[in-house]
Amino acid sequence: MMREVLDRLRSGGATRDITASIVVFLVAMPLCMGIAIASGVPPEKGLLTGIIGGVVVGLLAGSPLQVSGPAAGLAVIVFELVRDQGLSALGPILTLAGVIQFIAGMLKLGGWFRAISPAVVHGMLAGIGVLIVVGQFHILFDAKPLASGVDNLAAMPGRLLGLNIGSISSVELAFAIGLLTIGAMLAWEKFRPAALRLVPGALVGVAIGTLVAVIGGLEVTRVVVPSNIFSAVVVPDGGFVGRLLDPSIYATALAIAFIASAETLLSAAAVDKMHDGVRTDYDKELRAQGIGNLLCGAAGALPMTGVIVRSSANVQAGATSRLSTILHGTWILGFVALLPWLLREIPMAALGGILVVTGWRLVSLSHVTHLFHRYGPLPALIWVATLVTVVAEDLLTGVLVGLGLSMLELLPHLRKLGLGVREAHTDQASHLALHGSATFVTLPKLSRTLDSVPADKPLTLDLGSLSKIDHTSAELLNDWLQRRRAGGMTIALAGGAERLRGLSR
């Protein structure tokens, strides 16, 4: 990997990667700090994770254009962990989670994470989005989030009714800064000039909120970061090792490893749809994430995942290799090392506003309507049940409920869950016939089979002998068909494919 980066630099083809890395850096800075605050830890913890995710995981990743860093998807579970067990528990738990991810990658389990129902993953993200919105809503008032999502939701009307326009205090000023940040971010994304399309809305929102606070001399709570970023590194001690040997942390570590891996590989699959370059090696990506989280745990930082917002910005900015991801981590390190005073001017309410928008966007109603219209009521029910349980109970319970409901799709086909494959390839064309059941249980086999089909000649895909296809496999097939056809491959569906919901005709 290092040779790949050096060759890229020597060849003179690094200009697009350097430009893209600056864009990703500008997107990542406010999000790294905002997600740390949403997780209940100091902002520098998120910056450390962004640096490690860029420099280390970027070098080792199995998805070269994916960007890793602190993710909103883990903010809720980290917040609850720090609240209940203290910040000192985060490092050992995260180190153990990293080891679990690395071992899973070595055992080639990466493909199995793709078998998790999209309804469960997106329902989980939607629930997390709701929790972030109702929690960060209180940050807009320079207040701290309450103990649970339900409590935060119940307290929201009181915050609004407590505003006193006739007597402006720090609370009203902070709320105004938060609203200004949200408004500036959304307005920029809607009306920005084409020449400035790569300038991220989050950066514009934070910059305007900060400028108004500084010029107006407003007394609102601001971000607190150390003058030396390396002082934020917590070196493991005897207590750290003792915690590693405590069996009570294993369940939490497993939950973080599972959720971080699922979110990472979901993001990697989405990134693959955005470009025509190297496809993701899921096991390699899982090993890289494990090393990254192990290092984050050892440094006392936040957990990381592959993150779609920064990754999509990377692709859209024209990145062509892993050099962009590595450089973005380098820019974060340089900025926080040289200009920490600038970060200390940012109002907390401005970061809260950015996270409110980020959380709201995780609640993708378009996804649940897509599931309902293509695959019927059961996947939509799984999405709703996962979301509600995450908000009302906790993240792990919500995921388990979603996975349990996903099993209902298998009940009518318990006697025949195997997937059979018949292939025939000639110099002129390929023929692929599937029979049996295509469900999430057989999704790794289906994925390997599809990826092995030659892309340089026409294919006839016969689905007539399939007795069952669930929405997880249908989504995989649909994405694969769209990607291959977009690449110029001719694919004909045969054998009653029109009876299967969700597949491209």
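**Chat: loop, aromatics and sheet**

User: How does Pro145 count by relative accessibility?
Analyst: At 23%, Pro145 counts as partly exposed (buried is under 20% relative accessible area, exposed over 50%, partly exposed in between; 1.4 Å probe, protein chains only). This is a predicted model, with pLDDT of at least 70 needed for local features and 80 or more for side-chain atom pairs, while totals for chains, interfaces and linings use all residues. Residues are numbered from 1 along each chain as its sequence is written, and side-chain values use heavy atoms, leaving out hydrogens and water.

User: OK, where is Pro145?
Analyst: Pro145 is in the loop between H7 and H8 (helices, H or I of at least four residues, and strands, E of at least two, are DSSP runs numbered from the N terminus). Helix H7 covers 118-139 and helix H8 covers 149-161.

User: And what does Pro145 touch?
Analyst: Leaving aside residues up to four places away in sequence, Pro145 touches Phe79, Gly135, His138, Ile139 and Asn152 (contact means heavy atoms within 4.5 Å). Its C-alpha is also 9.6 Å from that of Ala155, ten residues apart along the chain.

User: What about phi at Asp142?
Analyst: Asp142 isn't a glycine, but its phi is positive, near 60 degrees. Most residues other than glycine have a negative phi. Asp142 sits in the loop between H7 and H8 and counts as partly exposed at 25% relative accessibility.

User: What's the story with phi at Lys108, then?
Analyst: Lys108 has a positive phi of about 60 degrees without being a glycine. You'll find Lys108 in the loop between helix H5 (90-106) and H6. At 58% relative accessibility, Lys108 counts as exposed.

User: Switching to aromatics: how many pairs are there?
Analyst: The structure holds three aromatic pairs (Phe, Tyr and Trp rings, six-membered for Trp, with centres within 6.5 Å; planes under 30 degrees apart are stacked, over 60 edge-to-face, the rest tilted). One of them is Phe141 with Phe175, stacked at 4.6 Å centre to centre with 20 degrees between the planes.

User: Why does the Phe141 and Phe175 pair tie parts together?
Analyst: Phe141 lies in the loop between H7 and H8 while Phe175 lies in helix H9 (residues 170-191), so the pair links parts that are 34 residues apart in sequence.

User: Are Phe141 and Phe175 buried or exposed?
Analyst: Phe141 is buried, at 3% relative accessible area. Phe175 also counts as buried, at 13%.

User: Now the sheet. What's the strand order?
Analyst: The four strands of this open sheet run E3-E4-E5-E6, with mixed pairing (strands pair if DSSP finds at least two bridges between them). Strands E3 (419-425) and E6 (491-494) are the edges, each with a single partner strand, so one side of each has no neighbour in the sheet.

User: In which sense do E5 and E6 pair?
Analyst: E5 (residues 459-469) and E6 are parallel, over four bridges. Leu461 has Leu493 in E6 as its bridge partner. Helix H22 (residues 471-486) packs on the sheet, touching E4, E5 and E6.

User: Where does H21 lie?
Analyst: Helix H21 (residues 443-451) lies across E3 and strand E4 (430-438). Its buried residues are Leu443, Pro444, Leu446, Ser447, Thr449 and Leu450.

User: What covers the buried residues of H21?
Analyst: The cover includes helix H6 (110-113), E3, E4 and H22.

Methods: Axes fitted to C-alpha atoms, helices over the stretch in contact; angles between N-to-C directions.
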